[in-house]
Amino acid sequence: MNAGNGLALLELSEFSVSYGAVEAVHAVDLRVGEGEIVTVIGPNGAGKSTLLNASMGLLPSRGVLTLAGERIDRPSVEAMVARGVALVPEKRELFGEMSVEDNLLLGGFARWRRGLRDQASRMEEVFAIFPRLKERRAQMAATLSGGERQMLAIGRALMSRPRLLMLDEPSLGLAPLIVREVLHVVASLRTHGVSVLLVEQNARAALQVADRAYVLEMGAVALSGEAEALLHDRRIIDTYLGLGGKAQAA
Ligand SMILES: Nc1ncnc2c1ncn2[C@@H]1O[C@H](COP(=O)(O)OP(=O)(O)OP(=O)(O)O)[C@@H](O)[C@H]1O
């Protein structure tokens, strides 16, 4: 397990996000180390998506965001993409009437504009990570299964060769076996030099693949630590992992 003691890739300090007068994320301190899989779990409305979207520069934030030691003032999507960060949003946002291959090519477009014209070889690397996508390369995205669509959404984000991948609820709407398959691949991304910040309501599945975890409740970090330790923490078991666990029903 990677304890994340190495170089911090992403570091949030006193990071807060508001919608008008309502503060949805409150003074969060969080770090993702090089090669780490870090998950943020918590109940509905805890602020997980808000935290992720603001970290990607999609929402204005307060506090300090540092990427590989560089402080980013007023994080913007352009600044984050340029520094190798990619986000897979909760809604996946694929182009249903386009093939798997064309969806992937669109994911590499930003790199292509920067003159990095190695799309074909990158696509082969993505196919090596998700062989199922290679089999279906000519199929329309709309006709893929839920799990395959999630793989395509992740594959598309990987086309830009990110060093940090942010994922918003990749398990949403997927059967348990498929969730395990998708998250297993997510965990393997560290061997491809990709660190992961994973937002999940499926606490058990997320804790099983992550190195470390943060529990977000009402916009603030209620608990954090090694994922393995949290899996055995009485508070986590009672609230998130028990049969009647609040977040487990989702
Ligand atoms: N565009 C918005 N305008 C105003 N309030 C918002 C907006 N988006 C989210 N919120 C509020 O911010 C809080 C955090 O929402 P967020 O979606 O980040 O939570 P979450 O932990 O991701 O929940 P879920 O797991 O249900 O997606 C909630 O109270 C939500 O109602």
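Visitor: Which residues does M166 touch, not counting residues up to four places away in sequence?

Guide: M166 touches L52, S55, M56, V85, L87 and L197, with residues up to four places away in sequence left out of the count. Contact here means that two C-beta atoms, placed from the backbone, lie within 7 Å. The model is a predicted one: local features need pLDDT of at least 70, side-chain atom pairs count only at pLDDT 80 or more, and totals for chains, interfaces and linings use all residues. Residues are numbered from 1 along each chain as its sequence is written.

M166 is placed in strand β7 (residues 164-168). Strands (E, at least two residues) and helices (H or I, at least four) are DSSP runs, numbered from the N terminus. M166 is buried, because 25 other C-beta atoms lie within 10 Å. A residue counts as buried with 20 or more other C-beta atoms within 10 Å of its own, as exposed with 12 or fewer, and as partly exposed in between; the C-beta atoms are placed from the backbone. V38 is 128 residues away from M166 in sequence, yet the two are 9.7 Å apart in space, C-alpha to C-alpha.

Two strands pair if DSSP finds at least two bridges between them.

I37 stands opposite V196 in β8. Strand β9 (residues 212-217) pairs with β10 in the antiparallel sense, over six bridges. The bridge partner of L216 in β10 is V221. β9 and β10 form a hairpin with two residues between them, and M218 in the turn has a positive phi of about 45°.

Helix α11 (residues 234-241) has I236, T239 and Y240 as its buried residues. These cover an arc of only 90° around the axis, which puts them on the same side of α11. The arc is that of the directions from the helix axis to the C-beta atoms. R234 and D238, on the other side of α11, are exposed. The cover over the buried residues of α11 includes β3 (37-41), α9 (203-209) and α10 (227-231).

There is also a second sheet. Four strands form an open sheet with antiparallel pairing, in the order β2-β1-β4-β5. Its edge strands, β2 (22-33) and β5 (70-71), each pair on one side only. Strand β1 (residues 8-19) and β4 are joined in the antiparallel sense over five bridges, and S16 stands opposite R62 in β4. Strand β4 (residues 62-67) pairs with β5 over two bridges, also in the antiparallel sense. In β5, E70 is the bridge partner of L67, and R71 is that of T66. Two residues lie between β4 and β5, which form a hairpin; A68 in the turn has a positive phi of about 45°.

The buried residues of helix α3 (residues 100-107) are V100, N103, L104 and G107. Seen down the axis of α3, they fall within an arc of 100°, so they line one face of the helix. They pack against α5 (119-129), α6 (131-135) and α7 (146-158). The axes of α3 and α7 are 7 Å apart, and the helices pack at an angle of about 35°. V100, N103, L104, L106 and G107 in α3 meet L152, G155, R156 and A157 in α7. The axes of α7 and helix α8 (residues 176-188) come within 10 Å and cross at roughly 20°. That makes α7 roughly parallel to α8; angles under 35 degrees count as roughly parallel, over 145 as roughly antiparallel, 65 to 115 as roughly perpendicular and the rest as oblique. In α7, G146, G147, Q150 and M151 meet I178, E181 and V182 in α8.

Key. Axes are lines fitted to C-alpha atoms, for helices over the stretch in contact, and angles run from 0 to 180 degrees between N-to-C directions.
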